[in-house]
Structures are given as C-alpha cells and as structure tokens.
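Have a look at the model first, and then we can go through it together.

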Amino acid sequence: MSDLEQTRLVRTELPGPRSAALMLRKQAFVSPGVGTTMPVFATRAAGGIVEDVDGNRLIDLGSGIAVTTVGSSAPRVVAAVQAQVAEFTHTCFMITPYESYVAVAEALARLTPGDHEKRSALFNSGSEAVENAVKMARSYTGRSAVVVFDHAYHGRTNLTMAMTAKVAPYKHGFGPFAAEVYRAPMSYPLRDGLSGAEAARRAIGQIETQVGAGNLAALVIEPIQGEGGFVVPAEGFLPALADWCRTNGVVFVADEVQSGFGRTGTMFASETEDVVPDLVVSAKGIAGGLPLSAVTGRAEIMEAVHPGGLGGTYGGNPLACAAALAVIETIESDGLLERARQIETLVRERFARVDDPRIAEVRGRGAMLAVELVQPGTGEPDAALAKSIAAHAHSQGVITLTCGTWGNVIRFLPPLSISDELLTEALDIVVAGLEVTR
Ligand code: PLZ
C-alpha cells in the first residue's frame with residue numbers, strides 16, 4: 001500500500017509555486033484545447049488523496065472522472081502492471097495474442113448482465129468502444145441509424161461527437177458530424193415529471209415517427225447519464241426501451257463507461273432494473289487508470305462482424321489487461337460493491353441534513369452521486385452556484401467536478417478506497433461552499 005498520508009493538507013495557496021510554474025510551461029507547450037479543472041499538478045495519488053507538486057494533499061471526489069474506482073495505484077494493480085511491464089509491453093493482439101486479453105474477455109462474460117453466450121473486443125478509450133459497438137450493431141442488423149438521447153455523452157471522436165448532446169465545449173466548430181444519428185427525449189424525472197413508462201412512450205413514439213424501427217441499428221443509452229448531469233431515468237424507462245428494441249430487432253447498447261465497473265454498487269448500472277443489454281460498453285474503471293475499454297455482447301451480434309473487421313494497434317494492451325484483472329480481483333476480494341453502497345448512504349445522509357431550496361435534487365446511485373442546483377422558485381439551472389461551490393472546494397483542497405447540460409450539477413465520484421473520514425470532511429467543505437455563496 002502506498003505510504004501517502006490519508007489526510008487533507010493545504011500548505012500553500014492553490015496553485016502553489018511549483019504548480020503555477022508548471023501551468024506556465026503548460027501554456028507554452030500544451031494545446032489550450034486541453035483544459036484542466038484545477039491548476040495543480042499531481043505527483044502521487046492513493047486511497048482518497050491526490051498529492052501535488054507543492055506537497056498539498058487534496059481529497060479526491062473525482063477519481064479522474066470515475067476511473068480510479070479501486071483507488072489510484074491500488075496495490076494489486078501496481079503489482080500486476082509491474083510484473084507485466086517486465087515481461088512484455090506489447091506484441092499486438094492481432095499479431096501474436098496473449099492470455100490476459102482472453103482472461104479479461106472471460107471475466108467480462110461473467111460480470112456483464114445476462115447469462116447468454118457472450119464475446120468481447122477490447123479497445124483503448126470509451127469513445128473508441130462506443131464507435132465499435134455501433135459498427136457491430138450496423139454489421140449485425142444491416143441498418144444504419146443510431147438513436148441517442150438528450151443530455152447524452154458518448155465521446156469526442158467524430159461519430160461519438162455526433163452522439164454527444166452538448167455543443168459546448170464538445171462539438172462547437174468541429175463539424176460536420178457523422179450522419180444517421182438521431183436524438184430522442186430522455187427520462188429526466190426532476191424536469192419532465194413523467195413516469196418511466198410515460199417517458200418511454202414519448203421516446204419510442206418519436207423514434208417510430210422520425211427514424212423508423214426498420215432503419216435503426218442501435219439504441220445507445222447511458223443507464224445513468226454521466227457528463228449530462230447524473231440523470232437517473234425514472235423506473236421502468238430502461239426496461240421499456242430494452243423491450244421495444246428486442247421486439248423490433250434493434251441492438252440495445254448500454255454505454256456503461258461511467259456507470260459501470262462497480263461504481264454504482266453493482267458491477268453494471270443496468271442490473272438495478274434487470275436490464276440485459278445486447279452490448280455493454282465498459283471503460284474508465286475497468287483498468288484502474290490504464291487505457292482500456294471493451295464491448296461485450298451477444299455472441300451472434302459480435303460474430304456478425306467479418307474476421308479482421310475489428311481491432312487496433314493497442315486495443316487490449318497487455319499492461320491494461322493485467323491491470324483490469326487486478327481491478328476485478330480487487331472489487332471482488334475487497335467487497336467494493338458494498339463499499340459503493342456505503343458511500344451512497346453516507347453522502348445521502350450528509351445532504352439530508354442540508355435544508356437549502358437551491359438543491360433541487362440529490363440523485364445517483366452508489367458512488368456516482370450528484371446534487372442539481374437551481375434558482376429557488378423558478379427551478380432554473382444555477383450554473384454560477386455550481387461553479388462557485390466547486391471553486392470553494394478547490395480552494396480548500398477538495399477535487400470536485402461539475403457536470404450537466406447546464407453545468408449546474410456537482411457530482412461526487414470518490415474512489416471506493418476513500419475513508420469515511422476523508423469523505424465526510426470533503427462533503428462538509430462542499431456544503432460550506434453553499435453557505436459561502438448564500
Ligand atoms: N461514454 C458515458 O462518460 C467519458 C469525458 C470527459 P473516453 N466521460 C468523460 C471529457 O471531457 O472528455 C465517457 C462517458 C461515457 C463515453 C465516454 C468517452 O470515454 O474514454 O473519454 O473516450
């Protein structure tokens with residue numbers, strides 16, 4: 001275990017002098033298109049702490065956007081990657097394969113929802129895996145249209161930009177976008193007041209009249225939306241869409257890039273409503289920070305693709321596969337699904353004690369939780385409030401991320417390795433941020 005002390009410490013102004021100097025170097029040499037949430041440079045991270053170059057220790061409520069779910073530099077991951085890097089770093093699975101890739105695919109067949117025959121293909125990023133899920137669905141159905149939802153986030157590559165809803169910062173000026181992507185209304189209980197069945201009828205009605213089931217290869221949805229605001233659809237919405245897809249020969253794709261891999265207290269968020277997706281997309285938490293993503297799904301869909309039709313130089317890199325196997329062992333041996341549920345209880349109890357009409361909703365599941373902030377009375381999204389709470393948290397050494405179509409949501413994605421003490425301290429600081437901005 002890393003000896004990084006598990007306490008918050010703000011010993012300089014943030015950013016401290018070393019981070020400030022590195023920010024200047026960044027400005028001189030790194031594309032400004034690549035932003036940073038906080039202007040501090042990391043040196044070490046473990047448990048619930050990220051240490052910066054000035055010796056500050058920040059409490060981590062972001063996990064590098066839901067990636068270091070088992071903790072950064074989790075002991076089993078470190079050991080597995082160190083052992084692998086000394087053996088071989090790369091052969092390319094498409095040239096001379098290796099066992100760990102197959103073992104990850106085996107584990108994914110066991111861990112993803114449903115007990116049907118499954119196959120997996122491994123890639124590097126969430127976006128790349130989403131693109132490949134679409135390729136598979138098109139190949140299997142012989143159709144081309146793809147339906148996605150309001151508030152969706154699926155990536156930054158050309159096809160996934162088209163699938164992502166929010167224009168700024170993700171799409172602005174980057175078109176033209178891929179064709180045959182259609183958007184349907186999401187279930188957003190706070191804002192539409194619809195039951196799951198009603199919201200599903202609305203979405204399906206629009207798909208049938210504007211796309212046509214016979215043209216539709218895939219419906220792609222995040223079971224709990226990530227960047228779009230941690231929107232949890234009303235109960236019954238996902239099962240109704242999955243049923244409709246089954247009836248109409250449409251491939252139901254769950255983008256579990258952010259909600260998957262133990263984050264929500266089950267291995268995949270689809271499980272909560274017993275939804276069995278045809279294809280499941282994993283990334284982020286799957287390999288503890290090493291770049292790895294996967295599409296796992298029904299054998300007959302995966303086998304519709306011609307041999308050689310899928311791949312990529314690095315997909316399922318041996319270091320990333322070693323890390324993924326260690327992540328899975330860590331989740332299972334350390335009871336981390338249960339830990340995610342404990343974190344939910346702790347966070348919800350903390351906000352239950354906050355009586356503030358600017359908090360419209362506390363929502364999410366497991367260690368994927370958020371508060372949506374509004375102007376009291378009107379319910380208008382209050383992005384400025386979210387921004388100032390995050391700024392307050394940052395100044396106190398708490399890594400806090402925002403999200404949402406309107407930028408008015410504060411999200412909590414702590415590593416499951418965080419202690420109750422650190423989590424409580426960080427939440428107190430976020431809540432204090434509400435007071436500061438009153
Ligand atoms: N699908 C559901 O959440 C990535 C993006 C941050 P990549 N989310 C964080 C940013 O600003 O780039 C994500 C996701 C869902 C797909 C993706 C894309 O995964 O690994 O970033 O390509």
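## Cysteines

How many disulfides does a search of the whole structure find? The answer for this predicted model is 0. Take Cys92: the nearest cysteine sulfur belongs to Cys321 and is 12 Å away, whereas a disulfide needs the two sulfur atoms within 2.5 Å. Cys92 counts as buried because its relative accessibility is 8%. Cys245 is buried as well, at 1% relative accessibility.

## Aromatic pairs

On to the rings, where the count comes to 8 aromatic pairs. One of them joins Tyr188 and Trp406, a tilted pair with 6.3 Å from centre to centre and 35 degrees between the planes. Tyr188 sits in the loop between strand 6 and helix 7, and Trp406 in the loop between strand 14 and strand 15, so this pair ties together parts that are 218 residues apart in sequence. Tyr188 is buried, with a relative accessible area of 5%, while Trp406 is partly exposed at 38%.

Phe351 and Phe412 also make a tilted pair, with centres 5.7 Å apart and planes at 35 degrees. This pair links distant parts of the chain, with Phe351 in helix 12 and Phe412 in strand 15, 61 residues apart. Both Phe351 and Phe412 are buried.

## A cluster, and charges over rings

Phe88, Phe93, Tyr98 and Tyr101 come together in one aromatic cluster.

Which charged residue sits over the ring of Trp406? That is Arg191, whose charged end is 5.0 Å from the ring centre. Elsewhere, Lys171 lies over the face of Phe177, 5.2 Å from the centre of the ring.

Key: Residues numbered from 1 in each chain as written. Predicted model: local features only at pLDDT ≥ 70, side-chain atom pairs only at ≥ 80, totals over all residues. Heavy atoms only, no water. Buried < 20%, exposed > 50% of the residue type's maximum accessible area, 1.4 Å probe, protein only. Phe/Tyr/Trp six-rings, centres within 6.5 Å; stacked < 30°, edge-to-face > 60°. Helix = DSSP H or I, 4+ residues; strand = E, 2+ residues; numbered from the N terminus. Lys NZ or Arg CZ within 6 Å of the ring centre and 35° of its normal.
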